[in-house]
Amino acid sequence: MAVVGRGPQYLLHLLYMFPEGPDRLVGMEQRGKTASDFLTALFPGIDAKLTLLPNPGPEAVAGLHPDLVLMKGTGSDPLADALAKVGIPTAFLNLETPEEYYRDIVNLGVLLGNNAQADRIVAFYRKNVARVEEALSGLTAADRPSVLVAMGNMQRGKYAVRVPAVPWMQTFQVRAGGGSPVWLDAAERAGGWAVVNLEQIAAWDPDRIVFIVWYSIEAPAFLDWLASDRQWKNIRAVREENVRYFPTDFYGWDSPDVRWILGLTWMAASLHPERFPDYDIANEVRSFYGELYGLDAATIDAEIVSRIKTDFR
């Protein structure tokens, strides 16, 4: 198998949950310094795989001699069309919602000939989604704080903000985590990341704000800047210190990565700590990486727990 296209790390992280995954992988597109910092650190054999520069053409992909190409998407891509003409099929995994995850994991299990492992992976996700649902059972609309999830970066001393699309994972995490997303009208009009301004955020007046902080920015320093900024400190959630940032380890827990379940449990525990009195972020991480990647607790603590960036544990 070869993994190419947008977000190749999402597919690689899922592929490596199957014991057959590393052996079946012949090469992948590399869009950063590594194909995946997580896999390089925990599964160093991946560095011996062949890599392709970003946006490879069909000749480069065919040069890996894969029996099958994995791409993120829903089934339409010019590269896949070109590969089909030379007899190389493509399987698409969309991985944007929990239901798509369940379906795509099952399909990947069929491709790898390991339906049992696919069932175990799906069962892990469903068990933890059900755990959140049970903990939040009986929550009324009035109990759900209004929440803004926003991502952005610094531009000329100002923080440019975008909000995620309605069907995306971040929206699910807020809803399933017991919050009420405030940005949906703006997101629906945009169909993707939607740029919003401070006037709009002030009009929404969210009870909580959760920032997806750009990887090159130190989140605590960013929150300090936010609290002192002349305009942002007038936003009620900022003024009342109801601002958090999404956790990360090697990758953020907000994206349609395999870590989305960690992001969901964190969101629910963060919004409703009284319903998750035993929440412990280190234990959540040990369970996730132990059950799905077979890593032992000592390795998880040394390589992953130590990397977690969060302001709520």
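Reader: Which residues line the largest cavity?
Author: This is a predicted model. About 40 Å³ of space lies in its largest cavity. The lining is made by F124, N128, R131, I261, L262, T265 and E284.

Reader: How many cavities of 30 Å³ or more does the structure hold?
Author: The largest cavity has about 40 Å³ of space, which is past that cut-off. The count of cavities of 30 Å³ or more is one.

Reader: How do the residues of the lining of the largest cavity divide?
Author: The lining includes F124, N128 and E284. The lining as a whole divides into three nonpolar, two polar and two charged.

Reader: Which helices each supply at least two residues of that lining?
Author: Helix α7 covers residues 115-135, and helix α13 covers residues 260-271. The lining includes F124, N128 and R131, along with I261, L262 and T265. The helices that each supply at least two residues are α7 and α13.

Reader: Are α7 and α13 roughly parallel or roughly antiparallel?
Author: Their axes come within 10 Å and cross at roughly 10°. Angles under 35 degrees count as roughly parallel. So α7 and α13 are roughly parallel.

Reader: Which residues of α13 meet α7?
Author: On the α7 side, the contact is made by F124, Y125, N128, V129, R131 and V132. The residues of this contact divide into eight nonpolar, two polar and one charged. The α13 side consists of W260, I261, L264, T265 and A268.

Reader: Why are α13 and α14 roughly antiparallel?
Author: Helix α14 covers residues 281-293. The axes of α13 and α14 come within 11 Å. Angles over 145 degrees count as roughly antiparallel. The two helices are therefore roughly antiparallel, with a crossing angle of roughly 155°.

Reader: Which residues of α14 meet α13?
Author: The crossing of the two helices is right-handed. From α13 come I261, L262, T265 and W266. The residues of the contact divide into seven nonpolar, one polar and one charged. The α14 partners are I281, E284, V285, F288 and Y289.

Reader: At what angle do the axes of α7 and α14 cross?
Author: The axes come within 10 Å. The crossing is right-handed. The angle makes α7 roughly antiparallel to α14, and its value is roughly 160°.

Reader: How many charged residues are in the contact of α7 with α14?
Author: α7 brings Q117, I121, F124, Y125, K127 and R131. α14 brings E284, S287, F288, E291 and L292. Five residues of the contact are nonpolar and two are polar. The charged ones number four.

Terms used
Residues numbered from 1 in each chain as written. Predicted model: local features only at pLDDT ≥ 70, side-chain atom pairs only at ≥ 80, totals over all residues. Heavy atoms only, no water. Axes fitted to C-alpha atoms, helices over the stretch in contact; angles between N-to-C directions. Helix = DSSP H or I, 4+ residues; strand = E, 2+ residues; numbered from the N terminus. Parallel < 35°, antiparallel > 145°, perpendicular 65-115°, else oblique. Contact = heavy atoms within 4.5 Å. Nonpolar A, V, L, I, M, F, W, Y, C, P; charged D, E, K, R; others polar. 1 Å grid on protein atoms, 1.4 Å probe; cavity = no way out; pocket = protein on both sides within 12 Å on 5 of 7 lines; lining within 4 Å. Points joined across faces, edges and corners; volume = space filled by probe spheres on them. Left-handed = near helix turned anticlockwise from the far one by under 90°.
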